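This report takes a predicted model and describes its nonpolar cores, one of its strands, its salt bridges and one of its helices. Please keep the sequence and the structure in view while reading.

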Amino acid sequence: MRTTYTSKYIIKKDFLSNQLKSFDIEPLFFSFYSKPMEKPFENDILTHFKISIVTKGIVRIKSKSYEYIVEPYDCVVFPPNMLYSIQPIENEEIEFYTIYFDLPKVQKNNFIHLFQLQTILCLKQFFTDHSLYYVAEKYREHCLNEQMTYQSVKLLLDQTFLKILKYIQLEGYQPFISSHYDTEEKVVSSCIQYIDNHSNDLITVQDLCTHLSLSQSYLYRCFMNYLHESPKKFIVQYQLKRTEADLMHSTKSISEIANQFGFSSVYSFCNIFKANYHMSPKTFRNQFRKDILQ
């Protein structure tokens, strides 16, 4: 009898795998956009990370005085607390998948540094037909609310970021990092960072002025010129936007959420939420859960 020998190799923990393993990436939302983009998204801001995969159409993304032309098969990673705008290149249907995700606060800075997310990360022709089919399949499972969907989407994120990390580390990706951008944008970005770091506090315009050593009139001018809204209105809208994830995905009470994000009372939170969303926090939560079940 002939003896068959096979080669065996010990699988060791490599440097890149260890780096990725140090992050607890938590998927939050999975969405699919498919329709003509009738008007641009101007000065949008994220409270979480997100990764978008374009499958159809061409868009222009602007952030920190840079712009990126994004086409099918491109991958775009957005860091939190960054202002950006999206404009269609032509009046045609746009399709893209988006996964919103977050990390524990103590891991965010290391993640941003490792993946060079000081600004938007745009990887050209990053996906293949096979990998896009895999993304579409995970989205279908998500919509059907199949078992293990959370773990499946988390695995998709881990695989994607491992590929991104290999691309950055081994192929010498050069990020677009702005060495200079407008003073108004710099002021607004610093305010966003401060608000994010004090999300549990009742933040006032004077808090921002004190932090940046600026007068209220100058801060107001920066916000109006750059965002076309006052600092006071921005603080409220940003804090409200941060409550959305907890309303949609947590079992926390409305009172707990109001307290967590620095509102003076649950009554104040409900009134401000209704004035901006035209529905109560409870209705918003119920509507989201109804949409998921449909």
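## Salt bridges across the chain

A salt bridge is counted here when a side-chain nitrogen of Lys or Arg lies within 4 Å of a carboxyl oxygen of Asp or Glu.

Another of them joins R60 to E67, whose closest N and O atoms are 3.2 Å apart; R60 is partly exposed at 24% relative accessibility, and E67 is partly exposed at 43%. In general, side chains of opposite charge can pair when their charged atoms come close.

E141 and K138 form a salt bridge in which the closest N and O atoms are 3.1 Å apart. Because these residues are three positions apart in helix α3, about one helical turn separates E141 from K138. Buried residues are those under 20% relative accessible area, so E141 is buried at 14%, and K138 is buried at 10%.

## Strand β6 and its partners

Strand β6 runs antiparallel to β3, to which it is joined by four bridges, and K50 stands opposite F78 of β6. Strand β6 also runs antiparallel to β9, with three bridges between them, and here V76 has C122 of β9 as its bridge partner.

In a regular strand the side chains alternate between the two faces of the sheet. In β6, C75 and V77 point one way whereas V76 and F78 point the other way, and all of these residues are buried.

In soluble globular proteins, nonpolar side chains tend to be buried together. The largest nonpolar core of this model has 33 residues, of which I25, I51, F101, F111, F115, F161 and I164 touch the most other members. At least two residues of this core come from each of α1 (15-21), β3 (49-56), β6 (75-78), β8 (93-102), α2 (105-114), β9 (121-123), α3 (129-143) and α4 (149-171). Helix α4 supplies the largest share, namely seven residues.

A separate core of 20 residues lies apart from this one, and V188, V205, C209 and C222 are among its members.

## Helix α8

Helix α8 comprises the 19 residues 231-249, which at 1.5 Å a residue should span 27 Å; the C-alpha atoms at its ends are 29 Å apart, which agrees with that expectation. The buried residues of α8 are P231, F234, I235, Y238, Q239, L240, R242, T243, A245, D246, L247 and M248.

Terms used
Residues are numbered from 1 along each chain as its sequence is written. This is a predicted model: local features need pLDDT of at least 70, side-chain atom pairs count only at pLDDT 80 or more; totals for chains, interfaces and linings use all residues. Side-chain values use heavy atoms; hydrogens and water are left out. A nonpolar core is a set of buried Ala, Val, Leu, Ile, Met, Phe, Trp, Tyr and Cys residues joined through side-chain atoms within 4.5 Å. Buried means under 20% relative accessible area, exposed over 50%, partly exposed in between (1.4 Å probe, protein chains only). The expected span of a helix is 1.5 Å times one less than its number of residues. Two strands pair if DSSP finds at least two bridges between them.
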